[in-house]
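Please view the sequence and the structure before reading on.

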Amino acid sequence: MSGTVADQVLGRLREWGVEQVFGYPGDGINGLLAAWGRADNRPAFVQARHEEMAAFEAVGYAKFSGRVGVCAATSGPGAIHLLNGLYDAKLDHVPVVAIVGQTDRSAMGGSYQQEVDLLSLYKDVASAYCQMVTVPQQLPNVIDRAMRTAALYRTVTAVIIPADVQELAEQAPGHAFKMVPSSLGLPHSHAVPAEDELDRAAEVLNAGGKVAMLVGQGARGARRQVEQVADLLGAGVAKALLGKDVLPDTLPYVTGSIGLLGTRPSYELMRDCDTLLTVGSSFPYTQFLPEFDQARAVQIDADPFMVGLRYPYEVNLVGDAADTLDRLIPRLRRTEDRGWRRQVETNTERWWRVMEERAKVPADPINPEYLVHALDALLPDDAIVTADSGSAANWYARHLRMRGTMRGSLSGTLATMGPGVPYAIGAKFACPDRPVVALVGDGAMQMNGLAELVTVARYREEWADQRLVVCVLNNHDLNQVTWEMRAMQGAPQFLPSQQLPDVRYADFAESVGLRGLRVEEPAKVRAAWEWALSTDRPCVLDVRTDPAVPPIPPHAEWSQIKDAAESVLRGDSDRAAVVKRGLRAKLAELLPHRHGGSS
């Protein structure tokens, strides 16, 4: 007996190996929901608390599994709610397929309830492939192309299925005019540059005396090759934030993250180099790269659309990072003078001492830098870490050292608020046997995280390792925006927009069957992390952190600190503590450098 179009959709997803679809129900996908019931919930329908969270969970799943994430939503408001998560996927080059419902075909154009022009709405976010199914014969081709395009182009695709079409009888395309049959499978081929382009790139790199490398998430499958090139050229390696887990921070020449959330040695690496090699990164902030007349530069990227951006590269190589570097390595000469490498390693070693000193700066009640710095030593080598947008991302970028098989990510290019917890949920479905830690601010937790704790409680028993730690940096402030206002607008904190109510996050976790612990004293931080990483189920750490600890950029100088201090004092003399902690943090950075590591 043949099934319906909805049955065919789920069957084709199973053939593609899809194991979960993150979604939220609604009558626009009732046909699909009925098919899920007939299919014994295969692939599993993971019910989020909101469609935006379903999209974020699909993004998190895709980021940490390397596979296509799939999300589903009803017509109208459900489809609209998916958009923020889908844009997060598109801008971070993550493969996600959205399956959305639509009003019946007979009602289209009639201003019907929940009728939205979804083809127009989705044509940007799913610009690579967005199709509406109007007859059964379009399947399985539409599903196949959506899955294949998302995977190969690392982007978002969308399939829109009107409610009445979902319930039509399945009908395969025939061997006939204007029929489009289809097939499964992803082709496995890697682009590599031409030989003469590789020769040109080698000439530039071999001529360099102070080589800097910048690696992004596109280099994740090329760790061995990146390490080999860095060794040959005596290079230091900085990491774009989405590439934080590409190389371990235990390598002495890895300077850490770059940019506003980056490290001082990464800033110094770019400031002083004479040659730049960028691999798999579209890092957007030109001001953190070398001056235009300072360095010769080579870029490697698999996407021809992304080469030649951000910097006047002399040679642009379009190709898979690992394969391209394999072909480039035999052309490279080993640099015998290791003075540059020693300088990079000295700067990096000093930076980690700086981080230790900054974590010791007193705060009221808990220094957020100390909170994350304490986690660094306790993280299991196979942990997955997610961070939300906001000041929490600063501490994730600067204090956590990747090692072993650790993975980590956040919303990179969109920098949207609220994906930290749903990313962690997606990570647990992608890697149910690995511990996951989410670092989120109280603003993000109130926006999205609290409700998704219900999702965590619902599905936790499906995970072989139930350790999922949500750490809330509870400072009663939308802290990143507060500091941006001070630094960029010279304005004090605007309390009506920035101040947040105190919520008992740990108590809420306990109320839904999870573990929870509120931490208000620095002396209890380490023990809290040890407890959280050894619990028998997911837990929430509600940590009272000080909003007056400034996320000082790595290139900040005394004049900038002074300007920020004066702007704060002009607005509120009671906030002098903010200035004092900023100065203490700056001193913690300078003293180890000027006094050989003493503090």
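## Helices across the sheet

Helix 9 (residues 195–206) lies across strand 7 (211–215), strand 10 (275–279), strand 11 (296–301) and strand 12, and runs at about 130 degrees to strand 12. Helix 10 (residues 223–233) lies across strands 7, 8 and 10, at about 170 degrees to strand 7. Helices (H or I, at least four residues) and strands (E, at least two) are DSSP runs numbered from the N terminus. Axes are lines fitted to C-alpha atoms, for helices over the stretch in contact, and angles run from 0 to 180 degrees between N-to-C directions; contact means heavy atoms within 4.5 Å.

The model is predicted: local features need pLDDT of at least 70, side-chain atom pairs count only at pLDDT 80 or more, and totals for chains, interfaces and linings use all residues. Residues are numbered from 1 along each chain as its sequence is written, and side-chain values use heavy atoms, leaving out hydrogens and water.

Six strands form an open sheet in the order 9-8-7-10-11-12, with parallel pairing (two strands pair if DSSP finds at least two bridges between them). Strand 9 (254–257) and strand 12 (315–318) are the edge strands, each pairing on one side only. From one strand to the next, the twist averages 15 degrees.

Strand 8 (residues 236–239) runs parallel to strand 9 and is joined to it by three bridges. Val237 has Val254 of strand 9 as its bridge partner.

## A helix pair

Helix 13 (residues 339–359) packs against helix 14 (residues 368–378) at an angle of about 125 degrees, with the axes 8 Å apart. Met355, Glu356, Arg358 and Ala359 of helix 13 make the contact with Glu369, Tyr370 and His373 of helix 14.
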